[in-house]
Amino acid sequence: DAKTTQPTSMDCAEGRAANLPCNHSTISGNEYVYWYRQIHSQGPQYIIHGLKNNETNEMASLIITEDRKSSTLILPHATLRDTAVYYCIVRSANQAGTALIFGKGTTLSVSS
Amino acid sequence: DGGITQSPKYLFRKEGQNVTLSCEQNLNHDAMYWYRQDPGQGLRLIYYSQIVNDFQKGDIAEGYSVSREKKESFPLTVTSAQKNPTAFYLCASGPGQLSNQPQHFGDGTRLSIL
């Protein structure tokens, strides 16, 4: 797997946008960027994934730079319930059927 | 709703006892996984199965056993040989091969020793 680098922690005020960066400078052309989050005492929750185009769903937006060496997960209006550890993972479709490798992620703290 | 169901949510094991954690999925996924998470730590792979009637050991399989008799089910047994079983156990499922679709996780089972 290509390695990712994320800040250890970030803070965000409730109602503001949370922008979580991820560096994946060694990503291969066929590798996707996946984002998960883990709220305390729950299982990891899939958020979004993309290859090279920006993606948006009901939870978040994913912005991938043109050179694909970094990406940003955007939670447009953060709430207290978004406080969690956020993980950025890169892997290819060839790796389907193998285990995910989670790094240390970014602990996002949303406060009122 | 499609998803992964783990049960029970909390489980207590006595010394020398085997316990079985249930994992069921209705996502029609070929692959299923068991991970272990210790406090403040990342996920470690115990066992995984890419297809019915086949499974492979992960990084920390000692003291655990699994079966995959049905596509939807992948139970994990924590045997008495596992000397430090207290942890948060997570089951996941995902596409078997050549797919960019994500893995999904259950809500976990927290196992403690009495």
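**Exercise 1. Sort the residues that line the largest pocket by class.**

Step 1. The lining of the largest pocket splits into 7 nonpolar, 10 polar and 3 charged residues. Here Ala, Val, Leu, Ile, Met, Phe, Trp, Tyr, Cys and Pro count as nonpolar, Asp, Glu, Lys and Arg as charged, and the others, Gly among them, as polar.

Step 2. Note the basis. The model is predicted, so local features need pLDDT of at least 70 and side-chain atom pairs pLDDT 80 or more, while totals for chains, interfaces and linings use all residues. Residues are numbered from 1 along each chain as its sequence is written, chains are lettered from A in the order in which they are written, and side-chain values use heavy atoms, without hydrogens and water.

Step 3. The largest pocket holds about 490 Å³ of space. Of its 20 lining residues, A:Gln38, A:Tyr87, B:Gln37, B:Gly40 and B:Gln41 are the closest to the centre. A pocket is an open set of points on a 1 Å grid over the protein atoms alone, with protein on both sides within 12 Å along at least five of seven lines; a lining residue has an atom within 4 Å of a point. Points are joined across faces, edges and corners, and a volume is the space filled by probe spheres set on them.

Step 4. S8(A) gives the most to this lining, with 3 residues. Strands (E, at least two residues) are DSSP runs, numbered from the N terminus.

**Exercise 2. Describe the second largest pocket.**

Step 1. Its volume is about 280 Å³. Of the 17 lining residues, the closest to the centre are A:Pro44, A:Gln45, A:Tyr46, B:His104 and B:Phe105.

Step 2. By class, the lining of the second largest pocket has 6 nonpolar, 9 polar and 2 charged residues.

**Exercise 3. Find the cavity and its lining.**

Step 1. A cavity is a set of grid points where a 1.4 Å probe fits but cannot get out. The count is 1 cavity of 30 Å³ or more.

Step 2. The largest cavity has a volume of about 70 Å³. Among its 13 lining residues, A:Arg91, B:Pro95, B:Gln101, B:Pro102 and B:Gln103 are the closest to the centre.

Step 3. Strands S3 (31-38) and S8 (84-92) of chain A each supply at least two lining residues.

**Exercise 4. Trace the salt bridges.**

Step 1. Side chains of opposite charge can pair when their charged atoms come close. The rule asks for a side-chain nitrogen of Lys or Arg within 4 Å of a carboxyl oxygen of Asp or Glu.

Step 2. A:Asp82 pairs with A:Arg37, with the closest N and O atoms 2.8 Å apart. A:Asp82 lies in the loop between S7 and S8 of chain A and A:Arg37 in strand S3, so the pair ties together parts 45 residues apart in sequence.

Step 3. A:Asp82 is buried at 12%, and A:Arg37 is buried at 10%.

Step 4. B:Asp30 and B:Lys71 also meet in a salt bridge (3.4 Å, N to O). B:Asp30 is partly exposed at 36%, and B:Lys71 is partly exposed at 25%.

Step 5. B:Arg36, B:Asp38 and B:Arg44 are linked in a salt-bridge network.

Definitions and conventions. Helices (H or I, at least four residues) and strands (E, at least two) are DSSP runs, numbered from the N terminus. Buried means under 20% relative accessible area, exposed over 50%, partly exposed in between (1.4 Å probe, protein chains only).
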